[in-house]
Amino acid sequence: MDKAATDRIVVGVDGSESSLSALRYAARMAEALDAPLHVVTTWTAPPIDPFMAIEWTPEKYAGEALDAAIVEVFGRTPPAGLTRAVLLGPAARTLIGLSDTSAMLVLGSRGHGGFVGLLLGSVSATCAEHAHCPVLIVHERRTNEDVVANPPS
């Protein structure tokens, strides 16, 4: 197996603020550890009207969202050696599969599906429990005012 594949830091991105924070942190970790950074988003095919499928493809949409996230975090100059992948499958299962050949998995604490007040989303919690490598979950920085106004449940 390729050493770069097993030394890589994989970060899951869904376009949420939490995942963008995870991407920023993963890039710093990759630089500090001199490890490749692999940015991943996943997609599944929702049940849709067949006529709509002609105009919209979830894989293309996921790829555009991933590209937008990379540009938002790094501008037009992503880190050298950054690789990206748009993969078919449920997020948690796909990321756990990638963790088998990774040095670290980095995730945001909540994605687009998260309920306000939860400390961890279902994907990050599932990956933390079942991944085959260390998992780093990046939480948004909260001020004391945020905690008082919105205490965790």
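I began with strand β4 (residues 104-108), which is mostly covered, with five of its five residues buried. A reminder to myself: this is a predicted model.

Next I checked which way the β4 side chains face. M104, V106 and G108 point one way, while L105 and L107 point the other way, and all are buried.

Then I looked up the neighbours of β4. Strand β1 (residues 9-12) runs parallel to β4 and is joined to it by three bridges. Within this pairing I found V11 opposite V106. Strand β5 (residues 135-138) also runs parallel to β4, here with four bridges. G108 has V138 of β5 as its bridge partner.

On to charges: how many salt bridges does a search of the whole structure find? I got two.

In one of them, the side chains of K60 and E64 meet at 3.8 Å, N to O. Both residues sit in helix α4 (residues 58-74), four residues apart, which is about one turn of the helix. I noted K60 as exposed because its relative accessible area is 55%, over the 50% cut-off. E64 is partly exposed, at 43% relative accessibility.

R84 and D67 also form a salt bridge, at 2.9 Å, N to O. This pair links distant parts of the chain, with R84 in strand β3 (residues 83-88) and D67 in helix α4, 17 residues apart. I logged R84 as partly exposed at 36% relative accessible area, and D67 as partly exposed at 37%.

Methods. Residues numbered from 1 in each chain as written. Predicted model: local features only at pLDDT ≥ 70, side-chain atom pairs only at ≥ 80, totals over all residues. Heavy atoms only, no water. Salt bridge = Lys/Arg side-chain N within 4 Å of Asp/Glu carboxyl O. Helix = DSSP H or I, 4+ residues; strand = E, 2+ residues; numbered from the N terminus. Buried < 20%, exposed > 50% of the residue type's maximum accessible area, 1.4 Å probe, protein only. Pairing = 2+ DSSP bridges.
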